[in-house]
Amino acid sequence: SGIGPVSSLKNRKRVVKAVKVCSEVTLREKNSKNELEAYMKECGGVNESDYAKISVTSDPAFALRLPQLEWKAHLCRREGLVEGKKYFALAVRPWKHNPADFAEKIAVSCREISEKYGLVPIFIAMQRTTDLPLIEAIAEKISELEPIIASEMSASEIASIFEKCEFIIGMRLHSIIYATVAGTPAICISYDPKVNAIADEIGLPNRIPAEKLTSVEIVEKASELLKNKQ
C-alpha cells in the first residue's frame with residue numbers, strides 16, 4: 001500500500017507505533033518508504049531493525065490477469081461496446097479542490113476528442129457511491145455522444161475494458177494501474193501525492209494537476225497520445 005500524507009504529529013506517532021509492532025511493512029513505491037522513514041526519524045524511539053522491516057514491492061493490482069477471450073467478448077457486449085467503433089475511457093472522481101466547473105471541463109474535453117477523432121467515451125465509476133453522481137452529471141452534458149456508463153465491474157473486467165480503449169483519462173490511482181496492466185496509454189489527473197508517486201514508478205509523463213485542469217490541456221495530451229500510437 002501507500003502511505004500519507006499524515007498531517008498531524010499525533011497520527012504520525014500512531015503510524016510509527018504500528019510499524020514497531022509489525023514484523024514486515026511493504027509499500028508500493030519509494031516515496032511512501034521515504035515518507036514513512038521521515039516519520040520514524042521525527043518521532044524517535046525506533047532502531048535499525050524497525051527500518052529493516054520496510055520494503056518496496058509492487059501493488060498487487062499489477063498482477064491482475066485479464067479474462068479469457070470469450071469472457072472479454074461477453075463483457076464488451078454487456079457494456080454496449082460495438083465492433084467497429086473506437087473508445088476512450090474516463091475514471092474521474094469528486095475532490096474538494098476540483099475546479100467548480102470540473103464536470104463542464106471534462107464534458108468539453110469529451111466532446112472535442114469525440115468530434116476530432118471519432119471516439120466514444122466510456123465512464124468507469126471506480127467507487128460507485130462516490131463517483132457515479134459526478135459521472136452521470138458529465139454524461140448528461142454530452143448525451144449527443146451516447147457515452148457509455150459502465151456497470152459495476154471487477155478489477156480484471158475494468159482492465160479488459162481499458163484494453164479496448166485508445167487511451168484512458170484516469171484520476172483514481174487504480175485506474176492508472178489497470179491501464180498499465182492493459183497496455184493502454186493513460187492521461188493522469190493528479191489530485192494526491194500517491195497518484196503522482198505511482199505515476200513516477202511506472203514512468204507516466206502525461207499528468208495534469210486536478211486543481212489546474214483545463215479542457216485544452218486534456219485534448220492536447222490526448223492528441224499527443226493518439227499521434228504517438230500511429
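Author: Rings of Phe, Tyr and Trp (its six-membered ring) form an aromatic pair if their centres lie within 6.5 Å, and planes under 30 degrees apart count as stacked, over 60 as edge-to-face and the rest as tilted. The model is predicted, with local features needing pLDDT of at least 70 and side-chain atom pairs pLDDT 80 or more, while totals for chains, interfaces and linings use all residues. Residues are numbered from 1 along each chain as its sequence is written, and side-chain values use heavy atoms, leaving out hydrogens and water.

Reader: How many aromatic pairs does the structure hold, and is the pair of Phe 88 and Phe 167 stacked or edge-to-face?

Author: The number of aromatic pairs in this structure is two. In one of them, the ring centres of Phe 88 and Phe 167 are 5.3 Å apart and the planes meet at 20°, so this pair is stacked.

Reader: How many residues apart in sequence are the parts that the pair of Phe 88 and Phe 167 ties together?

Author: Helices (H or I, at least four residues) and strands (E, at least two) are DSSP runs, numbered from the N terminus. Phe 88 belongs to strand S3, whereas Phe 167 belongs to strand S6, which covers residues 165–170. Because the partners sit in these two strands, the parts that they tie together are separated in sequence by 79 residues.

Reader: What is the relative accessible area of Phe 88, and what is that of Phe 167?

Author: A residue is buried under 20% relative accessible area, exposed over 50% and partly exposed in between (1.4 Å probe, protein chains only). Phe 88 is buried, with a value of 0%, and Phe 167 is likewise buried, its relative accessible area being 0%.

Reader: Which residue forms an aromatic pair with Trp 95, and in which loop does that partner lie?

Author: The partner of Trp 95 is Tyr 191, in an edge-to-face arrangement with 5.7 Å from centre to centre and 65° between the planes. Tyr 191 counts as buried, at 10% relative accessibility. Trp 95 lies in the loop between S3 and helix H5 (102–117), so the pair ties together parts that are 96 residues apart in sequence, with Tyr 191 in the loop between strand S7 (186–190) and helix H9 (193–202).

Reader: What is the phi of Glu 146, and is this residue buried or exposed?

Author: Most residues other than glycine have a negative phi. Glu 146 is not a glycine, yet its phi is positive, at about 55°. Glu 146 sits in the loop between helix H6 (128–141) and strand S5 (148–149). With a relative accessible area of 59%, Glu 146 is exposed.

Reader: Which residues does Ser 215 touch, not counting those up to four places away in sequence?

Author: Ser 215 is part of helix H10, which runs over residues 215–229, and Ser 215 is buried, with a relative accessible area of 15%. Taking contact as heavy atoms within 4.5 Å, and not counting residues up to four places away in sequence, Ser 215 touches Lys 105, Val 108 and Ser 109.

Reader: How many helices and strands does the protein chain have, and what percentage of its residues are buried?

Author: The secondary structure of the protein chain comprises 10 helices and eight strands. Its C-alpha atoms fill a box of roughly 60 × 40 × 35 Å along the principal axes. Among contacts with a separation of 6 or more, 68% join residues 24 or more positions apart. Of the 230 residues in the protein chain, the buried share is 48%.
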